[in-house]
Every structure is written in structure tokens, then in C-alpha cells.
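Please read them alongside the sequence and coordinates.

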Amino acid sequence: MSGSLWLNLVPAFVVGGLLCVCAQLLMDLTKPKFTPAHVLIVFASLGTVTGALGWYEPLVKFAGAGATVPLTGFGYVMGKGAVQGAESGILGVLAGGIEGAAIGITAAILFSFICAVSFKPKG
Amino acid sequence: MDKRVGKKTVVFQNPPEIIGGYNVVGPKEGKGPLNAHFDYVLPDTYYGKKTWEKAESAMIEMAMNEAVKKHKLAADDIDYVLAGDLLNQNTTSNYALRQIGRPFIGMFGACSTMALTAAVGAMLIDGGFAGKVLCATSSHHETAESQFRMPTEHGNQRPLTAQWTVTGAGCLVLGKGESGSGQGATIHITAATLGCAIDYGQTDANHMGASMAPAVADTLLGHFYDMGTGPESYDLIVSGDLGNLGLELLKELLDKSGFHTLDNIQDCGCLIYSADQDVHAGGSGCGCSAVVLSGYLLDRLRKKELRKILFVGSGSLHSKDSLLQGESMPGIGHGVVIEVMDH
Amino acid sequence: MSVLVKVTPQEYEEMNKKIQPKPKLIRNCAMAFVVGGGICLVAQILINVFLYLGIALKEAQILGTTSMIFLGSLLTGLGLYDSIVSLGGAGGILPVTGFANAMVSPAMDSKKDGYILGVGAKMFSVAGPVIICGTIVAFVMGLGCLIFR
């Protein structure tokens with residue numbers, strides 16, 4: 001068990017790294033029309049669409065954190081949440097997206113607030 | 001005698017004297033190659049204040065107060081203060097001027113403000129409306145970042161064309177050119193060419209040199225035609241903050257317009273940092289040309305290494321909102337001729 | 001337009017293109033791979049630790065992501081994360097640590113404007129578009145699923 005447990009580090013590193021390379025290429029080759037914000041939007045949308053269609057799931061199984069930590073993973077939980085919610089009707093669709101990402105968003109808000117209270121920007 | 005020459009140049013009858021200057025810079029600039037020419041280097045970018053905006057205001061206030069003190073003047077000797085900066089509504093200068101208590105003319109020329117205030121200050125003096133004026137301007141890297149770009153701690157990869165806003169404030173004291181002091185040589189503003197807003201359709205806020213270079217070229221060409229001179233008539237032509245890419249563009253623009261520059265053209269944005277300070281295309285911001293002029297250039301004029309320079313401040317007249325609305329960035333260049341006069 | 005400068009805006013655009021330094025694509029991509037992959041690697045190690053402690057896979061993954069958000073926030077607070085991004089580019093922006101950085105940095109920057117109209121109003125000024133885009137796309141996908149299933 002413990003041996004196979006650490007084998008998953010390799011796909012996590014490689015897949016996570018490759019996703020970032022795609023983003024870097026998109027950023028460098030479309031400058032200055034495309035800002036990092038645009039790139040993030042593209043990746044979040046891609047993750048949401050593939051997540052909803054169930055195409056992102058295999059990548060998560062294969063690469064673990066390499067698929068969930070990049071922003072596509074954020075889109076994936078939102079897309080997956082909305083589709084799962086669809087089973088219980090329109091209200092489920094409305095709730096599902098944010099529900100999927102709720103933990104991440106709440107954590108980010110909390111930590112942001114704590115950081116704003118406790119640190120001063122250094123520049 | 002008419003003081004206007006040609007289309008947009010004025011030649012002063014009694015050239016106002018640059019009595020002196022004072023400058024304050026941030027720690028990064030203090031580590032740069034012009035270190036010896038700065039009057040005061042801040043220990044850190046907050047300068048003991050709660051926010052960077054307050055620090056910038058304190059910086060320009062210090063530059064103005066110390067400039068007055070250094071040349072043994074009192075605040076009451078100053079008839080007008082001409083000042084401006086990069087923040088909304090010229091906040092930095094407005095708040096600094098609360099403490100000065102002299103009539104204040106707020107000016108905005110983006111990064112060209114030093115040249116603009118010097119030109120207008122000289123006009124006020126030669127026109128007989130003032131005896132002594134202060135011309136001051138400042139910029140601060142962190143306040144400019146949050147005003148024009150992203151929050152300061154936000155991670156991004158700066159493009160290679162980007163320039164680094166200088167943290168610094170500079171102040172010049174101008175007076176009537178009545179050199180009865182018999183000090184030998186004095187430094188004077190002998191002519192000024194104010195520029196037009198020139199737009200070549202540039203939209204990349206991370207490549208401001210490109211938006212300013214045509215405006216600087218326009219002002220330089222206007223000056224050459226008005227005065228019947230050329231680049232060879234000056235020991236040094238200094239642009240404000242085009243950075244190394246903008247300077248390259250400027251040389252090519254002048255070349256294609258019939259004026260071949262020699263190696264007597266430089267840029268404050270290239271002078272202020274060394275290559276290993278990781279600023280990419282060079283320095284920018286009002287403070288950039290202000291501290292280079294009030295320090296390095298004045299020092300060289302005093303030593304008579306330079307006798308006649310043409311200083312052209314350059315500014316990019318855009319805001320974050322105008323860019324979001326799809327507007328391009330107009331540039332502007334204001335020029336002053338500064339000469340050493342022997343008595 | 002200037003009458004004195006004998007260069008048209010079109011010609012100027014050509015001149016400008018010629019002097020633009022090329023981004024160092026290979027170096028940038030290599031750094032993005034190492035930094036981005038490295039961040040995912042750290043996350044996977046954390047997940048493995050959670051798994052080792054007997055936490056179920058789904059919860060372990062969520063905990064891993066949350067821990068990375070915490071790390072990204074902390075490094076931003078300490079003023080270190082912007083250096084990671086200037087080194088790793090997209091490798092620092094794309095992972096969830098970069099998302100945390102995009103929320104923490106405006107929050108910290110606007111503390112001087114007060115907690116309600118500063119921190120509260122501006123926390124999402126950079127990361128907001130991502131959440132809004134994700135929400136809208138997720139809704140459309142969910143709706144499509146509802147209609148076509």
C-alpha cells in the first residue's frame with residue numbers, strides 16, 4: 001500500500017506541470033491582447049465544460065492533485081456540481097456550481113481576510 | 001521683442017535661473033548607478049508612514065522644504081509652487097501643499113510633469129509674474145502599481161517591455177536670472193517648447209515607451225525647426241522616461257524625419273537603474289526625470305561637463321479606465337533648454 | 001498624428017514590432033513546468049499524508065486543495081508569492097495557490113481603505129471574473145443537462 005501511495009506523485013507533477021506550460025504558452029503567444037486574467041478565464045471555462053461532460057474525471061483519477069490543483073480543477077468541481085444538481089431539477093442546477101466550489105471559495109475568503117488583518121503589503 | 005519663436009517655442013528674454021534642486025528617492029533607486037547624485041535615500045518605501053500614498057506625499061513635501069532650506073530661502077520667498085504627480089486628482093501634491101502655505105498651481109503631465117512645471121515656472125518668472133517658483137513632482141512605485149496596474153502583492157510576470165516606476169521626488173527652485181552674486185557660472189532655462197498630445201494608436205500599458213516616443217520626436221522636431229538648430233547644437237539631449245526600447249524608437253523616428261542623432265542622446269529611464277536591477281525596459285514615472293534632472297544633470301551642468309542640454313520630459317496620458325474602454329494612449333513631450341552661463 | 005514626424009502609425013507599428021524583445025519561450029515554459037508541477041507535487045504529498053492518516057480519498061483531495069489555498073495565502077501575506085510568479089509565470093498563476101494570491105493581494109492592498117469598503121469591496125477585484133465565469137458556465141452546462149437528459 002505505502003509503495004503505491006507514493007507512485008502517484010509522478011503523474012501529479014507531470015500533469016500539473018503540463019497544464020501550466022499550456023497556460024504559459026497561451027500567455028506568451030497572445031501578449032499583449034491576452035492578459036493573465038483572460039488565460040485564467042479560459043482554463044476555468046475549459047475545466048467547467050469538461051467537468052460537466054465527465055471528461056475531466058479520468059484525468060483527476062490519473063493525476064490526482066495534478067488535475068485538481070490547477071484552475072481547471074476549480075472549474076471541474078463547479079461543472080460537476082451543476083450537472084449532479086440537474087438530477088434534482090432547476091434548483092439543483094442553480095445551487096450545484098457554487099456548491100461544488102463552496103469549500104474552496106470560503107477558504108479563500110477566510111484566509112484573505114485573515115491575511116488582510118495580519119499582514120501589511122511589502123511591495 | 002517677441003518671446004515666441006516659430007510655432008511652439010518660447011525663448012526667454014531674461015533666462016530664469018535654476019537656483020538649485022533637491023531630491024529624495026526610494027531604496028531601490030539609491031542602489032542604482034546615480035546614487036552619488038541623490039540628496040536623500042529613503043530607508044524603506046513606507047518612510048514611517050501608514051500607507052504608501054502618505055509616504056509619497058511626505059516625500060514631495062520633504063523635497064520642497066529641503067530645496068527651500070538648502071538655498072537659504074524662506075517659504076515666503078516663493079511666489080508659486082507648481083507641482084503634480086501620477087495619482088488621481090494629483091492627491092500627492094495637494095496634500096503636501098497643505099503644509100507649504102504658498103499659492104499652488106497643480107499640473108498634470110503624467111511623467112513629463114518635471115519638464116512641464118519647469119517650462120511654465122520659467123514663463124511665469126520671465127513674464128514678470130513671479131520672482132521665485134518651486135517646480136516639484138513625485139512618483140512612487142507601489143502607489144503607481146495599484147493605481148495603474150494590479151495590487152502590489154499580486155503575482156505576475158512583467159513583460160520585457162515594461163518599465164519600473166521610480167520611487168522619488170524632485171524639486172527645482174527657479175528665480176530671476178539676476179546673478180549679482182558673482183559666483184562665476186549659473187544655470188539657466190533659456191527656451192522651452194511645450195508639446196502636443198500625439199497618439200500613434202499604442203494600447204499596451206506595459207510598453208509605454210512606444211506611446212511616448214512619437215510625442216517626444218514631435219517636440220524635438222518642432223524645437224529644431226523653430227530654433228533653426230539640430231541635435232548637434234546640444235551637448236546632450238535627454239528624454240524623460242522612454243526606457244531603452246522607447247529611446248531606440250525615438251532615434252529611428254528622428255532619423256526617418258531627417259535628423260540624425262549622434263551619441264549625445266540619452267534617457268533618464270535608462271540612466272537611473274543598472275542592468276542587473278531587473279527593471280526590464282528602464283525607469284518611468286514623474287519622479288524618474290525629476291530626480292535625474294535635479295541630481296545627476298544639474299551636477300554635471302555645475303561641473304560644466306555639459307554646457308547646453310535639451311531636456312524633454314515624456315508622459316503617457318492614459319488611465320486604467322481609458323484603456324479598459326478600448327482607447328489608445330496619447331503621449332506628450334515637453335522640452336526645456338538648460339544652459340550654463342558664465343559671468 | 002504628428003505633421004513633423006515623417007512616419008505613419010502603420011510604419012510605426014512595424015518599427016515597434018521589430019524592437020520588441022521576444023519572450024524566452026523555452027525558458028518560460030520550463031520554469032512554468034517545474035514551478036507548476038512542483039506546487040501540484042506538494043499538494044499530492046499533502047493528500048497522501050491525509051490518505052495515510054485514514055481520511056477518505058474525496059475528503060483528502062478537498063483538504064489538500066484547502067491546504068494549498070492556505071499556503072498560497074500565507075506566502076502572499078509574507079510577500080513571497082509575487083517572486084514565485086515572476087519566476088514561474090503561469091506555473092504560479094494557474095494552481096489554486098495563484099487563485100489565493102489573486103484574492104489575498106487586493107484584500108491586503110485595500111486594508112488602508114477600511115474593512116468594509118476596502119477589503120470587503122475589493123477582495124474579488126482580481127479573482128471575481130473566474131468565479132463569475134465558472135458559475136455561469138456551470139449553470140449553462142447544468143441547464144443543458146436538464147434539458148437534454
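1. In chain B, strand β14 and strand β15 (residues 331–342) pair in the antiparallel sense over nine bridges. Two strands count as paired if DSSP finds at least two bridges between them; helices (H or I, at least four residues) and strands (E, at least two) are DSSP runs, numbered from the N terminus. Within this pairing, B:G315 stands opposite B:I332 of β15(B). This is a predicted model, in which local features need pLDDT of at least 70 and side-chain atom pairs count only at pLDDT 80 or more, while totals for chains, interfaces and linings use all residues. Residues are numbered from 1 along each chain as its sequence is written, and chains are lettered from A and ligands numbered from 1 in the order in which they are written.

2. β14(B) also pairs with strand β11 (residues 236–239) of chain B, through four bridges and in parallel. Here B:I237 has B:L310 as its bridge partner in β14(B). Strand β14 covers residues 308–316 of chain B, and eight of its nine residues are buried, so it is largely enclosed by the rest of the structure. A residue is buried if 20 or more other C-beta atoms lie within 10 Å of its own, exposed if 12 or fewer, and partly exposed in between, with C-beta atoms placed from the backbone.

3. Which residues does B:V340 touch, not counting those up to four places away in sequence? They are B:A185, B:I187, B:L301, B:K304 and B:R307, where contact requires C-beta atoms, placed from the backbone, to lie within 7 Å. B:V340 belongs to strand β15 of chain B and is buried, with 20 other C-beta atoms within 10 Å. Its C-alpha atom is separated by 40 Å from that of B:R149, a residue 191 residues apart along the chain.

4. The domain assignment divides chain B into domain 1 (18–175) and domain 2 (185–342); such bounds come from an automatic or database domain assignment. The centres of the two domains of chain B, taken over C-alpha atoms, are separated by 18 Å. Across the boundary, 46 residues of domain 1 of chain B are in contact with 54 residues of domain 2 of chain B. On the domain 1 side, α4(B) provides the largest share, seven residues. The residues of that side comprise 25 nonpolar, 17 polar and four charged. In this classification Ala, Val, Leu, Ile, Met, Phe, Trp, Tyr, Cys and Pro count as nonpolar, Asp, Glu, Lys and Arg as charged, and the others, Gly among them, as polar.

5. The largest nonpolar core has 114 residues, of which B:A63, B:M64, B:L134, B:C135, B:A136 and B:V292 touch the most other members. A nonpolar core is a set of buried Ala, Val, Leu, Ile, Met, Phe, Trp, Tyr and Cys residues joined through C-beta atoms within 7 Å. At least three of its residues come from each of domain 1 and domain 2 of chain B. Another core, of 82 residues, lies apart from it and includes A:A44, A:A86, C:L51 and C:M108. Neighbours within four places in sequence aside, B:V292 is in contact with B:L34, B:C268, B:L271, B:I272 and B:L297.

6. Chain C has eight helices and zero strands. Its radius of gyration, taken over C-alpha atoms, is 22 Å, well over the 15 Å that the globule rule gives for 149 residues, so chain C is more spread out than a compact globule. That rule is 2.2 Å times the number of residues to the power 0.38. The C-alpha trace of chain C spans about 75 × 45 × 40 Å along its principal axes, and 52% of its residues count as buried.

7. Chain A likewise deserves a brief description. It contains seven helices and zero strands, and its C-alpha trace spans about 50 × 40 × 35 Å along the principal axes. Of the 123 residues in chain A, 53% are buried.

8. Two chain interfaces remain to be noted. Between chains C and A, 63 residues of chain C are in contact with 68 residues of chain A. The chain C side takes its largest share, 18 residues, from α2(C), and by class has 42 nonpolar, 18 polar and three charged residues. The contact between chains A and B takes five residues from chain A and nine residues from chain B; the chain A side has three nonpolar, one polar and one charged residues.

Methods: Contact = placed C-beta atoms within 7 Å.
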